[in-house]
Amino acid sequence: MLAQLISFALVCSHWWIASASPTLSTSSVAKVTIGSPTAFSVKWTNFTDDVAVEITEDSLMANGSEKIAVVPSGFLLTAGAGEEVFNVSTFAAGKYRIEFVNITVMQSDDEYRLLTSQRVEVDVIHSMPLTVINVVIGWIYFAAWSVSFYPQIYTNWKRKSVTGLNFDFLSYNLMGFFMYGLFNVGLFWIPEVQREFREAHPHSVNPVEANDVAFTIHAVAATAFTVFQCFIYDRGDQRVSYFARVLVSCSWLMVFVFLIVTAVGKYTWLNYLYLFSYVKLGVTLIKYVPQAFMNYRRKSTVGWSIGNVLLDFTGGSLSMLQMLLTGYNYDDWQTVFNDPTKFGLGLFSVLFDILFMIQHYILYRPYRQYKSIPPVNHSGTESYSHA
């Protein structure tokens, strides 16, 4: 009887081991500078057969040449459980994704999917301090761009009027920031979109930073509040132009049509989000024109806050600087082109801000009242008239 119980227990234990799901995981690799060694490990459990595995050659290369080396270049993934440690040597900056491929046939589809889905990301940079500087620059430009909304809000509140503030500019701004916010949130937070980006740009850095997401969320809220001010303060005979209403409506219609196309699988979610960013870039190209033209017609910048312009200029300059420093640190200049909206937003904002500064400080300088100085008589003393 005891022998039968032991035999039954052994059969159950073998059945449990055989039916247990296989697992495979890789350790993460810290960001390193060129020439610095690093390492990672691969652990697995409950694999049914011995499998010869190699690291794909393409994952070690960039621009046609080998940029990192991994030792060993292959290993035997044994049945059951095990672990393998790999040493990585780095020769050039860049973002690398180490992938694996089986050499011998794998009987289990689950095990095959586990192996081929593994990615070990290795970030190799020129300078670690430059990474810290870039983060600081990002949050400074976030602060400058975010604060840039408040001089206009304060001006509206102080004057109890929004005359001089172009409503077309506001409508373009609200739509543009909302769409750009969706792009940033998608690329920063949604795993499916991030996966599509990695597949499309395997050696590129995700161009969206945490400060980009924070900025756009705040920008939508601040712009919406400015729009609210237009309803409660004196606005004269100002209104959104017919052209702006048509343009904004057509933009939203296009976004809705492409949403249907994407939902039925004819368009990737990454490309759909890129559509949002292109709309924002187009908005940036035209949104300043109504305000610049209004300043020209009025021969005045009264009602248009120069504080907004100066902070916007600061934010735009630092935004471009951050992208250029990231491109240098990773030797990845495609970063600029993978997010043309972020770079274009900074570039066109700076160019129009220069125009606004010329209008405010040179062409249409605000009239200033000066305090009169009492006349001086010939004896060198001030003379005053008495009533």
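Reply: Contact means heavy atoms within 4.5 Å. Leaving aside neighbours within four places in sequence, Leu-187 is in contact with Val-193, Gln-194, Phe-197, Asn-206, Pro-207, Val-208, Leu-270 and Leu-273. The model is predicted, with local features requiring pLDDT of at least 70 and side-chain atom pairs pLDDT 80 or more, while totals for chains, interfaces and linings use all residues. Residues are numbered from 1 along each chain as its sequence is written, and side-chain values use heavy atoms, leaving out hydrogens and water.

Me: What makes Val-208 count as buried?

Reply: Buried means under 20% relative accessible area, exposed over 50%, and partly exposed in between (1.4 Å probe, protein chains only). Val-208 has 4% relative accessibility and therefore counts as buried. Val-208 is placed in the loop between H6 and H7. Its C-alpha is 9.9 Å from that of Met-323, at a sequence separation of 115 residues. In the protein, buried residues make up 44% of the 387 residues.

Me: How many helices and strands does the protein have?

Reply: The secondary structure comes to twelve helices and twelve strands. These elements are DSSP runs, numbered from the N terminus (helices: H or I, at least four residues; strands: E, at least two).

Me: Why are H4 and H7 called roughly parallel?

Reply: Two packed helices are described by the angle between their axes and the distance between the axes. Axes are lines fitted to C-alpha atoms, for helices over the stretch in contact, and angles run from 0 to 180 degrees between N-to-C directions. Angles under 35 degrees count as roughly parallel, over 145 as roughly antiparallel, 65 to 115 as roughly perpendicular and the rest as oblique. The axes of H4 (residues 150-159) and H7 (residues 210-232) come within 10 Å and cross at roughly 15°. H4 and H7 are therefore roughly parallel to each other.

Me: Which residues of H4 and H7 meet?

Reply: Tyr-150, Ile-153, Asn-156 and Trp-157 in H4 meet His-218, Ala-222, Phe-225, Thr-226 and Gln-229 in H7. The residues of this contact divide into five nonpolar, four polar and no charged. Here Ala, Val, Leu, Ile, Met, Phe, Trp, Tyr, Cys and Pro count as nonpolar, Asp, Glu, Lys and Arg as charged, and the others, Gly among them, as polar.

Me: What makes a set of residues a nonpolar core?

Reply: The set must consist of buried Ala, Val, Leu, Ile, Met, Phe, Trp, Tyr and Cys residues joined through side-chain atoms within 4.5 Å. The largest such core has 34 residues, and those with the most contacts inside it are Phe-183, Leu-187, Phe-215 and Phe-276. Several helices each supply at least two residues of this core, including H3 (128-147), H5 (167-189) and H10 (306-330). The largest share, eight residues, comes from H9. A second, separate core of 26 residues includes Ile-68, Val-70, Phe-100 and Val-124.

Me: Why do Asn-46 and Asp-331 count as partly exposed?

Reply: Asn-46 has 29% relative accessibility and therefore counts as partly exposed. Asp-331, with a relative accessible area of 42%, is partly exposed for that reason. Asn-46 is found in strand E3 (residues 38-47), and its phi is near 60°. Asp-331 lies in the loop between H10 and helix H11 (334-338), with phi near 50°. Most residues other than glycine have a negative phi, and most peptide bonds are trans.

Me: How do you know that the peptide bond from Val-71 to Pro-72 is cis?

Reply: Omega of that bond, from Val-71 to Pro-72, is near 0°.
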